[in-house]
Amino acid sequence: MKLINTLIFTAIIGISGFAQDLTFKVTGIKDTTVHLVKYVGSKLYYADTAQLVNSVVTFDGSKQEPGIMAVLMPGQNYFEFIHNNEKVHIETKSPNYVKHMVVKSSDENKIFLDYIRFMKTSRENANALQQEMQGLNESQTAEKEAISAKINKIGKDVLAYQNKVVKDNPKKLVAKIIKMSSDVQIPEAPKNEEGEPINKNFAYEYFRDHFFDNIDLTDDRLVNTPVLQNKVEYFYSKNMLIQHPDSIIKYIHPVVDQLDPSSMMYRFFVTNITSHFERSKIMGMDKVTNYMINRYYCAPDKNGNPKGHWMDAEKLDELCKDTKKRLRLVQGEVPPNIILPDTTSKKWYNLHEIEADYIILYFWDPGCGHCKKVTPKLETLYSQKLKARNVEIFSVGKATGDDYEDWKEFIKKNKLSYINVGVTRDIYEQASANPHSLIPSKTTLESINYQDTYDIYSTPRVWILNKDKEIIAKSLSVAQIETMLDELQGFKDAEKLFELEENPEEMKH
């Protein structure tokens, strides 16, 4: 078979000192090379290789960590089983491995096999009833109610079966996995004297707050199952939580803070949540990523060592230093101040003292191809729309050394009327010769080193600040900036100067 439903796999508790041979007899297939594969989260990885000879193949289980594993057959077909430091002997037949499977040795795999067959039958019966329901017309209400009752009974029977396995096998890993795959049961909502629910959101809030109750977060064996990763990804997705960084962070604390930093469970949750939001396409989720790194990789454990102990020390140190900077550049934060002069090197501008309803903080380089396209567009947007609405552009250009003349020429040629500042050639030379002549009387070290302060590894880069100088958006195209500010300032239906089809990646180069 291609894949057994990942929500119904089980595992075996082994007894120290017993043989751990993993033996499989697979008939209906010629002698061949087969692979033992293991789950880490929802992904499968090669664990061992052996020869199937006369329908039999054996692996050394003592080399493998407990968890859900599979025997990978030719044609990328595989059947799964549970390894937990005990002897396993399973016989089956190609091509329908589950249908013909017989567990000769392994109590937990016997429970597992009975369970998946029960679940398979239950799903088939429920699907058949659903199809029957779809064939009825609107007038057949009695028939629909009868079918719904049958479907509900199947659900109750599944829950009862799961609860019985868990109750009857309190020391077996199979019970933990079945319990983990089961949803938390929601009690009846509290009601007032009139019999009405006190909180209409009770069911959702209870489910959210108790989502991980059925998972033993102290058992590292559960990491080697796909069930756990499916649970984690579901909880932190739009299915459960509002996709706003502050909301996400609020519901990371109660889960991750209770985990042992030295455990695989801690490492699993931390790496999965971090990478999940690192891949997110939703603006502002870099706040979650940087928060995770700072709190769960870089923060010291009880021995004073960084909690991200699985990372290379040098790379972790570099990551933590970069994260400290990036935490100041996320939504809701007031970014570092910039105090720099204009093209004359005489008139200075202070970002935090700019009075405007919104500020577009823009970093660019006169030699950058994308900047040459974006910068004039910002001038068009500013002069034709935003300036009159008390929106300022605070533009920081690369003006040091040989770039100084190019920077001035570009500003003049394109008639840039918004604020243009930079570390000009004169200022750079003066700061290099005697920093105290400028710092702190005129500016700050963070301003002079703005590229490092703002993590400007490429240009153009953009942040949008509100009147309190808090970051509300970043990495938007010119068209997205226009649309966002139109909506924020009550001009949602205003004619657009730039179409949203414009390349949204233009500010990320």
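Which residue lies over the face of Phe211? Lys231 does, at 5.3 Å from the ring centre. A charge counts as over a ring if NZ of Lys or CZ of Arg is within 6 Å of the ring centre and within 35 degrees of the ring normal.

This is a predicted model: local features need pLDDT of at least 70, side-chain atom pairs count only at pLDDT 80 or more, and totals for chains, interfaces and linings use all residues. Residues are numbered from 1 along each chain as its sequence is written, and side-chain values use heavy atoms, with hydrogens and water left out.

**Aromatic rings**

Rings of Phe, Tyr and Trp (its six-membered ring) pair if their centres lie within 6.5 Å; planes under 30 degrees apart count as stacked, over 60 as edge-to-face and the rest as tilted. The count comes to 27 aromatic pairs. Phe118 and Tyr161 form a stacked pair, 4.1 Å centre to centre with 10° between the planes. Phe118 sits in helix H1 (residues 107-134) and Tyr161 in helix H2 (residues 141-168), so the pair links distant parts of the chain, 43 residues apart. Helices (H or I, at least four residues) are DSSP runs, numbered from the N terminus. Phe211 also belongs to an aromatic cluster, with Phe207, Tyr234 and Phe277 among the other members.

**Burial**

Buried means under 20% relative accessible area, exposed over 50%, and partly exposed in between (1.4 Å probe, protein chains only). Here are some examples.

| Residue | Relative accessible area | Class |
|---|---|---|
| Phe118 | 24% | partly exposed |
| Tyr161 | 26% | partly exposed |
| Phe202 | 17% | buried |
| Cys368 | 11% | buried |
| Cys371 | 0% | buried |

Phe202 is in helix H4 (residues 202-209). Leaving aside neighbours within four places in sequence, Phe202 is in contact (heavy atoms within 4.5 Å) with residues including Ile186 and Pro190. Phe202 and Pro190 are twelve residues apart in sequence and 8.2 Å apart in space, C-alpha to C-alpha.

A disulfide is a pair of cysteine sulfur atoms within 2.5 Å. The count here is one. Cys298 and Cys320 form it, with their sulfur atoms 2.0 Å apart. Cys298 lies in H9 and Cys320 in H10, so the pair ties together parts that are 22 residues apart in sequence. The torsion about the S-S bond is about -100°, so the disulfide is left-handed. Both cysteines are buried.

Technical notes:
Helices (H or I, at least four residues) and strands (E, at least two) are DSSP runs, numbered from the N terminus.
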